[in-house]
Amino acid sequence: MSKIAIIGGGIAGMEAAIRLSALNFEVHLIEKSFILGGHVKNWHMLFPDLSSATQLVEQQKNQLRDSVNILLGIEVIRASYTNNKYTLYFSDGSSNTFDAIILTTGFKLFPAQRKEEYGYSIYSNVITSAELEEYFQTDKPLYTKEHRIAERIAFIHCVGSRDDKVGNRYCSKVCCVTAVKQAMETARRNPGAEIYLFYMDLRMFDRQFEDLYFQAQTQYGIRFIRGRLSEVSEKPDSRLFLKFEDTLLGKPLRLTTDMLVLMVGMEPAENTGQLARLFNVPVGNDKFLLPKNLHQYRNLTNQPGIFLAGCVSGPKTIGETLTDARSAALEVYNYLNRN
Amino acid sequence: MPDFGFSIQSSQPIDLDKTYRAVYNFVKEKEPSIQRCIYCGACGATCTAANFSQMSLRKVNLLLLRGQIAEVRQLVEHCLLCGKCMLVCPRNVNTRKMILLIHQALKMPLS
């Protein structure tokens, strides 16, 4: 029986493991942390249908059959390739041989400290979208660090995305619609609060995204302003003073808010470069792994038996990630049955 | 000429068929980074001169592209060359060089 290693136990890795174990392959799911579910397990609800993130992860975990060998707290440190088989050497000293490998290591969130002028980890009321998403797991309204109800909140798009200054020219794809979703949720929790979204472009590319945007405007009165934040300073009362240009009016714009939410983008996961070297897979200018091509071979790499799924090959929505993982599973099936 | 009590407004639309791109092309050739602009307005947000004038480098770049040279001339006059726009630009446009080249192209003295 063919053996498959899936490196990364987020939603992409789990989905591929579910599909391949259903095809009766021996699947080893390798995760470096001690818990499955990657980023998604920390999230509250998913755009555009506001379904539960936890539920999605739990459903996946339930579908993982007993036949999937789940290895937690383990990393791959070395690999070798002989006779169409890969031998992986793990951080616990063990090793194993596989016929195919799927890399599903995903992404890491942009460290907002690198955008120093936005004041993250300097001013207490500047938070990231990921922190807000986790906070939404509670039922509480949004409070400032001084325990005042936040009456004015600004969301900043493209933090760490579309920004040559931090070395990330690419668009992280999901932050636009996440900001709209989070703004609406904030409006539900803090009725009467003024909520601003500062964007460069609103990329509502997928089904029902535009509907969310429409709802945010008409039902929640979210204020959309086209402009990019240049800098943040803190006032003596610890409110935040923001500077923009209203680019549609062509005038500088100033705003004081209680809280600032930075929509942090995606970067390749910490070990992506190391995996690229280990398996000799090329990376793009965006440092995500490159598939064989971007059309019909999105899950294949230039190496035999090495496949990609999910955000390891660039930012994706959850729907796209799951589809990508299922497609990778089929590619692995075809590869293993090639003779 | 008799006074009819009204005057004729000059034509407002920008006619892209007749756009004067010579100044833009001059600047672009010497400083190709101006092509990277995505008109986000971070420059205008941080601009010292924008507090007291209509200055915004985003606007200047767009006006150059549309051949609105008279307006460009008015705007760049206010620039103090402090370079804060260079610090915040997410696309690394060499904004100071851009201003200097516009002055050069329009034969404006640097005040």
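In what order do the elements of chain B run from the N terminus on? They run α-α-α-α-α-α, and the secondary structure of chain B comes to 6 helices and 0 strands, where helices (H or I, at least four residues) and strands (E, at least two) are DSSP runs numbered from the N terminus. The model is a predicted one, in which local features need pLDDT of at least 70 and side-chain atom pairs count only at pLDDT 80 or more, while totals for chains, interfaces and linings use all residues. Residues are numbered from 1 along each chain as its sequence is written, and chains are lettered from A and ligands numbered from 1 in the order in which they are written.

**Chain B**

Taken along the principal axes, the C-alpha atoms of chain B fill a box of roughly 55 × 30 × 30 Å. Of its 111 residues, 34% count as buried; a residue is buried if 20 or more other C-beta atoms, placed from the backbone, lie within 10 Å of its own, exposed if 12 or fewer, and partly exposed in between. Lys97(B), in helix H6 (residues 95-105) of chain B, is partly exposed because 15 other C-beta atoms lie within 10 Å. Between Lys97(B) and Gly41(B) there are 56 residues in sequence and 18 Å in space, C-alpha to C-alpha.

**Where the chains meet**

The contact between the chains takes 18 residues from chain B and 15 residues from chain A, two residues being in contact if their C-beta atoms, placed from the backbone, lie within 7 Å. On the side of chain B that touches chain A, helix H2 (42-46) and helix H3 (57-65) of chain B are the elements that give two or more residues, and the largest share, 4 residues, comes from H2(B).

**Domains and sheets of chain A**

Chain A is divided into domain 1 (3-106 + 269-336) and domain 2 (112-266), with bounds that come from an automatic or database domain assignment. The C-alpha centres of these two domains of chain A lie 32 Å apart, and 10 residues of domain 1 are in contact with 17 residues of domain 2.

In chain A, 5 strands form an open sheet with parallel pairing, in the order S11-S18-S12-S13-S14; two strands pair if DSSP finds at least two bridges between them. Strand S11 (126-128) and strand S14 (223-226) of chain A each have a single partner strand, so one side of each is left without a neighbour in the sheet. From one strand to the next the twist averages 25°, with axes taken as lines fitted to C-alpha atoms, for helices over the stretch in contact, and angles running from 0 to 180 degrees between N-to-C directions.

| Strands | Bridges |
|---|---|
| S12(A) (residues 152-159) and S13(A) (residues 194-199) | 5 bridges |
| S1(A) (residues 3-7) and S2(A) (residues 26-31) | 5 bridges |
| S1(A) and S9(A) (residues 100-103) | 4 bridges |

Ile156(A) stands opposite Phe198(A) in S13(A). Helix H4 (residues 175-189) of chain A packs on the sheet, where it touches S12, S13 and strand S18 (259-264) of chain A, and its direction makes about 170° with that of S12(A).

Strand S1 of chain A is mostly covered, with 4 of its 5 residues buried.
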